[in-house]
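Welcome, and please have your viewer ready with the chain loaded. We will go from one selection to the next and look at what is there.

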Amino acid sequence: MTLQKTTSRMAFIDSNFGEVYFWGGVNGTGTNLSDDIRFYNNSVVVNPFTGGGNFNRSANITFYSIGNRGFSAPRIMRNGTVCNRTTAPQCINFTALTADTVVFNVSAWSNYSIAESLGPTAPALTVPAFNNTVPKTNDDLRTNTTYTDDNGDAGTLTFAWKINNSVVYTENYTSVESGTVVFSNFSSGYFGLNDRINVTVNATDGGLSSGTANSTNITVLNTAPNVSTPYFNNTTPKTFEDILANTTYTDPDGTAGTVQFRWHINNTYAFNLTVSNVANGTVLFSNFSSTNYSRTDKINVSVNATSDSLNSATLYSPNITVINTPPSAVNLSVPLANETLTNRSPFFNWTAAWDPDDDNVTYWLVIERLSCTDKNNDCFTSLLNLSARNMTNISLINQLDVDSTYNWSIIANDSLEYGPRSTVRNVTISSLNAISINATNVSFGTINLNIEDNTTDYSPAPITIRNDGNIRVNLTAYANQSLWVRQSLNTSYFMFMAGNTSQSNAFNWSGSEQSFRNMSNIQIGFAKQLEFNATRNLAELELSITSPSDEPDGTKLTFIIIESVWY
C-alpha cells in the first residue's frame, strides 16, 4: 500500500484494488496502518478510530476493474446494506457503477463494496416538506421532496395539492434523475382563510411506483389588513384652510375592519377619527379643521387598521407646515370711480382687509398719474406710494397736479406678504380759478378837500382777497369810473397797491406792486402768484385817495373790479 499526502489531505493506494482519498485531516497512532485500512478485491475496510485517532472522514473511494466482473445492475453496499444519497451515512457515485473504474464518495467509514442488485427496486420519495407551515391568505406555498431510485432510473413525479381534502391543482415533472430535490409551488389565489391544505406526491420509474407520500395538514391563517400612506389634499395649507387626508383600506381576506386617523400638531396629539366596518378597498377621508392650528405649526397624520384582532402597520404622512395667509384685497370707497375733483390733496378711503392670522396690516396707497395738461406744465407729481398702518384712509399731504388724471389702488401687507391688489380706480383733478373778497365796499367817510387817506392803517380796512381755487393766480384790479368829478382815473388822486396780511409768503411780494400806483380803467396786476394753501392764500388791495382842492361836495362812488388769472 502506498501513502500520498498533500497538505491536510491524504490518499491510500493499493495498486491492485483501488484507493481511498480523504478530504480532511486524519490522525491516529500505531505500528501497522495496513491493518486499519485494508483493500480487498471489490471492497475496502477502514477502522474509523484506529489508534485512538479519527479516520471517520468524508472520502472518495476508487475500485479498479469493476466493469470486468459481469455486474448488470450494481449498487454500493455499506456493511451489506445499500448505500445511496438518500441513506445516512450517504454514498454518492461520480461514475456509473458499471464502469471499469468506479469512483464514489462516502460520508463516514465502515466496510464498502460494489454488489449486484437483487432486481428492480421501486423509486423512493421523502415526505413533502412545506416552506411555511403557518401560511396566511396572501402567502404562496412551496413544497419539496427528494426522488431516489436505487437502480438509477429517471422518474416521473406528480404533486397533487388539496384544499379541504379536494384536489385543486396538480403539477408533473418528468425525467427526474435519482437524488434530485423537486419543488412544487401553490399560488395563494387557490385558497382562503381557514382552508386546510395538504399535498401528496408519487413517483414512477416507468415500471415501479413509489407509492404516495403525504405531507402534514396546514391551516390558512388570517392576514393583517393594510392601509396606504396618508395623502394630503394640500401640502401648503394656509391658516384658514382645512386639511383633508385620505388612505385606502385593504384586507387580503376581504374582511371589513376599523381604521383610525390620528392628527398631530408639532408632534403633539390633537385629534382622531375612527371609522368602523370599513369594506375592503375603501378610500377613507379625514378632515382636520383650520380652527385647530396656526401659522408655522407642523402637522402630520398617522393611520392604522384593525381586522379580526390583527393590526396593520401604522403609517405616517410627511410633515407639512401651515404657511402665512396674506391679507385679502380691499374694496375702494372714495374717491368714486372716474370722479372729478378740485381738491389737490383729496381724501382716500377703503374697507379693511381680512387677515386670518390677525396680523397688523399696512395699506399701501399707489397713485399713478396717467396724463397732465397743466396750463403752465407744472406736472410734478407722477407717482405716490403712501402707507397707512392699521388705518383705512389717507388724506394727502402731497398735492396732485391739476388737469391731470390718476389711477389709484390699495395693496395690503402683513409684514410677510402682500395681498392681492384692489381694483384700480380713475380720478381726475381739474384746475379751479376762484377768489373771494371780504367786503362789498370800502368807506373813507367824510374827507376834506386836498386831504389824502389810505387803508394801510386799517382805517378803513383794505380789501382782502382769498384764493379759493387750486392754482396760483395773479390778481388784477381796475375801476369802472373815476372816484372824483374834478380828477380822472390814472391820476394820483386815486391809487392802489398790494398789501400783506398776517400770512407769510402768501404771494410773490417782489413781483407785486409794493407802492401805490394810479388806478386805471384797464386791468393792472398788483399781486403775483397768490397761493391756494389754506394757510397762505390771502392778499390785500390797499387803496389811497386824495380829494381834489376844487372837488364839489357829495357822495363819491366807484366800482373796483378784482380778477384772478393763471399766474
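**Stop one: a strand and its partners**

Start by selecting β27 together with strand β28 (residues 310-311), which pair in the antiparallel sense over two bridges. Strands here are DSSP runs (E) of at least two residues, numbered from the N terminus, and two strands count as paired if DSSP finds at least two bridges between them. β27 and β28 form a hairpin with two residues between them, and Asp308 in the turn has a positive phi of about 50 degrees. Ser307 has Leu310 in β28 as its bridge partner.

Before moving on, a word on the model: it is predicted, so local features need pLDDT of at least 70 and side-chain atom pairs count only at pLDDT 80 or more, while totals for chains, interfaces and linings use all residues. Residues are numbered from 1 along each chain as its sequence is written, and side-chain values use heavy atoms, with hydrogens and water left out.

Now extend the selection to the whole of strand β27 (residues 298-307), where eight of the ten residues are buried (under 20% relative accessible area; exposed is over 50% and partly exposed in between, with a 1.4 Å probe and protein chains only).

**Stop two: an open sheet and a core**

Next, show the open sheet of five strands in the order β32-β38-β37-β34-β35, with mixed pairing. β32 (339-341) and β35 (383-389) are at the edges with a single partner strand each, so one side of each has no neighbour in the sheet. From one strand to the next the twist averages 25 degrees (between lines fitted to C-alpha atoms, with angles from 0 to 180 degrees between N-to-C directions). Inside the sheet, pick strand β34 (residues 362-372) and strand β37 (residues 404-413), antiparallel over ten bridges. Ile367 stands opposite Trp408 in β37.

Ile367 is also one of the residues with the most contacts inside the largest nonpolar core, which has 49 residues; the others are Trp350, Phe526 and Leu541. Such a core is a set of buried Ala, Val, Leu, Ile, Met, Phe, Trp, Tyr and Cys residues joined through side-chain atoms within 4.5 Å. Apart from it lies another core of 24 residues, including Phe63 and Ile114.

**Stop three: Asn42**

Where does Asn42 lie? Find it in the loop between β4 (37-40) and β5 (43-46). Asn42 is buried, at 11% relative accessible area. Beyond four places away in sequence, Asn42 touches residues including Phe63, Phe71 and Ile114 (heavy atoms within 4.5 Å). A polar atom of the Asn42 side chain is 2.5 Å from the backbone oxygen of Ile114.

**Last stop: the disulfides**

Finally, show the cysteines: two disulfides are counted (sulfur atoms within 2.5 Å). Cys83 and Cys91 have their sulfur atoms 1.9 Å apart, and their link is right-handed, with 95 degrees about the S-S bond. Cys372 is joined to Cys379, S to S 2.0 Å; here the torsion is about -80 degrees, so this disulfide is left-handed. Cys83 is buried at 4% relative accessibility, whereas Cys372 is partly exposed at 21%.

Definitions and conventions
Helix = DSSP H or I, 4+ residues; strand = E, 2+ residues; numbered from the N terminus. Polar contact = N/O pair within 3.5 Å; in protein donor to acceptor, adjacent residues only side chain to side chain.
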